[in-house]
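Visitor: I'm new here and would like a walk through this one. Can we take it one question at a time?

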Amino acid sequence: MFKRIVNSVEIIDENKDPELIRVWFPTLAYCFYLEPELKKSFMRNVDRSNTQTKITSLVDSFTEFWTQMLTDYNSRNRIFSLNPSIFYYGLRYLTNLFSLVITIINLITFELETYNEPYSDRI
């Protein structure tokens, strides 16, 4: 459980006896709202020629990541907690539910109509 909400980074400190120090920090709540497609796009397009270019690419992409994560994080607090994706899936659910109800009503009506057949003798 804690692996998801806590991260670490290793820092080299030449003034201390163990040069490599691990620093633990909590993952901020909005970091969980990074879209997987944006992350995959970054991983595909990052310059991996050396460590410095990788870090530079990450810093350059940070503003795009930041705005997307904050927008999605803040959108969850809209009126009635509806953001576009929740509205979309809720609407799909209601549409499927209404289709099922209409199908049941049609089946009942069809059964009642074939059972009664009030005008069959006039044909």
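Visitor: Which residue forms a salt bridge with Glu37?

Guide: Bear in mind that this is a predicted model. To count, a side-chain nitrogen of Lys or Arg has to sit within 4 Å of a carboxyl oxygen of Asp or Glu. Here the closest N and O atoms are 3.5 Å apart, so the pair passes that cut-off. The partner of Glu37 is Arg44.

Visitor: Is Arg44 buried or exposed?

Guide: Glu37 has a relative accessible area of 49%, which makes it partly exposed. For Arg44 the relative accessibility is 55%, and the mark to pass is over 50%. That makes Arg44 exposed.

Visitor: How many salt bridges are there by this rule?

Guide: Besides the pair of Glu37 and Arg44, the side chains of Arg22 and Glu10 meet at 2.5 Å, N to O. Arg22 is partly exposed at 43% relative accessibility, and Glu10 is partly exposed at 44%. The count comes to two.

Visitor: Which strands does the pair of Arg22 and Glu10 tie together?

Guide: The two residues are twelve apart in sequence.

Visitor: Stepping back, what pattern does the chain follow along the sequence?

Guide: The chain has four helices and two strands. Of its 123 residues, 10% count as buried. Read along the sequence, the pattern is α-β-β-α-α-α.

Visitor: What kind of aromatic pair do Tyr30 and Trp66 form?

Guide: The structure holds six aromatic pairs, and this is one of them. The centres of the two rings are 5.0 Å apart, with 80° between the planes. An angle over 60 degrees is what the label needs, so this pair is edge-to-face.

Visitor: How many residues apart in sequence are the parts that this pair of Tyr30 and Trp66 ties together?

Guide: Tyr30 lies in the loop between β2 (20–26) and α2 (36–45), and Trp66 in helix α3 (residues 51–75). Tyr30 counts as buried at 16% relative accessibility, whereas Trp66 is partly exposed at 31%. The parts tied together are 36 residues apart.

Visitor: Which residues join Tyr30 and Trp66 in a cluster?

Guide: Ring pairs do the linking here. Along with Tyr30 and Trp66, the cluster takes in Tyr33, Phe62 and Tyr73.

Visitor: And Phe42 with Phe65: which helices does that pair link?

Guide: Their ring centres are 5.4 Å apart and the planes stand at 80°, so this pair is edge-to-face. Both Phe42 and Phe65 are buried. The two residues are 23 apart, and the helices linked are α2 and α3.

Visitor: What do the buried residues of α3 pack against?

Guide: Buried residues in α3 include Ser57, Ser61 and Phe65, and also Gln68, Met69 and Ser75. Phe65 already gave a hint, as its ring pairs with Phe42 in another helix. What the buried residues of α3 pack against is α2.

Methods:
Residues are numbered from 1 along each chain as its sequence is written. This is a predicted model: local features need pLDDT of at least 70, side-chain atom pairs count only at pLDDT 80 or more; totals for chains, interfaces and linings use all residues. Side-chain values use heavy atoms; hydrogens and water are left out. Buried means under 20% relative accessible area, exposed over 50%, partly exposed in between (1.4 Å probe, protein chains only). Rings of Phe, Tyr and Trp (its six-membered ring) pair if their centres lie within 6.5 Å; planes under 30 degrees apart count as stacked, over 60 as edge-to-face and the rest as tilted. Contact means heavy atoms within 4.5 Å.
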